[in-house]
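Reader: I've got this one open on my screen and would like to talk it through. Can we start with the rings and then move on to the sheet?

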Amino acid sequence: DGHTITGLEITDTVAPAGLFARLQADAVVRNLNLEGSVCPDGEKTDVGGLAGVNSGTVENCTFTGTVSGKRNVGGLVGRNDGGTISACSAETPVVSLRSYNANIYAAGLVGDNSGSVYNSYAAGYLEVTESRLNKNTVRIAGFAAKNGSGNLIRCYAGVALMGSGDTEMYGFACADPPISTTIGCYYLDGG
């Protein structure tokens, strides 16, 4: 059986932000159901419900709640930095972000992915509340906003996307082929 944590509320000035700020390469988190709100003040970079940055292993975990940030924002993990995510989900009523002078990536499950994600899904609503500044990239997606060198295998997203200004919107993910891999994944239009 899994464990459940309810009532998580992060509003302090912290970055990265999540139940775990950063999961190192040897970290393993399994069978955890998490409910709450991760809306930090301050820099708001690398923000996720479970972890701001993941370089470890996350298996069979869920996050239900609200996430808000400025850069690398995901319903479950803000930035998956070489980590592995398997059989996980994020159901976020709202993932919102405000752009500032940097490239912005926000998505239903992982904002910026350079790791591997298997058999996972995202559902909910994602909104950009301000447009891009200084012509930087503002990119949102139902599952992963940036999948540079990452792998997405057998995953799906049902996330309604709402952008403003010059926001780039991608249903499932924005991949950078040929270095990224997406296999057996799909997007349910409109969330």
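Reader: How many aromatic pairs does a search of the whole structure find?

Author: First, a word on the source: this is a predicted model, where local features need pLDDT of at least 70 and side-chain atom pairs count only at pLDDT 80 or more, while totals for chains, interfaces and linings use all residues. Residues are numbered from 1 along each chain as its sequence is written, and side-chain values use heavy atoms, with hydrogens and water left out. Rings of Phe, Tyr and Trp (its six-membered ring) pair if their centres lie within 6.5 Å; planes under 30 degrees apart count as stacked, over 60 as edge-to-face and the rest as tilted. Searching the whole structure that way, the number of aromatic pairs is three.

Reader: Are the rings of Tyr121 and Tyr156 stacked or edge-to-face?

Author: You describe a pair of aromatic rings by the distance of the centres and the angle of the planes. For Tyr121 and Tyr156 the centres are 5.2 Å apart and the planes sit at 10°, so the pair is stacked.

Reader: How many residues apart are Tyr121 and Tyr156?

Author: The pair links distant parts of the chain. Tyr121 is in strand β16 (residues 121-128) and Tyr156 in strand β20 (residues 156-162); strands are DSSP runs of E, at least two residues, numbered from the N terminus. The separation is 35 residues.

Reader: Why is Gly108 classed as buried?

Author: Gly108 lies in the loop between β13 and β14 (110-113). Leaving aside neighbours within four places in sequence, its contacts (heavy atoms within 4.5 Å) include Gly74, Ala141 and Phe143. Gly108 counts as buried because its relative accessible area is 1%.

Reader: Which residue in β17 does Ala107 stand opposite?

Author: Strands β13 (residues 104-107) and β17 (residues 138-141) run parallel and are joined by four bridges; two strands pair if DSSP finds at least two bridges between them. Opposite Ala107 stands Ala141.

Reader: Which strands are the edge strands of the open sheet?

Author: Five strands form this sheet, with parallel pairing, in the order β5-β9-β13-β17-β21. An edge strand here pairs on one side only, and that picks out β5 (45-48) and β21 (168-170).

Notes
Buried means under 20% relative accessible area, exposed over 50%, partly exposed in between (1.4 Å probe, protein chains only).
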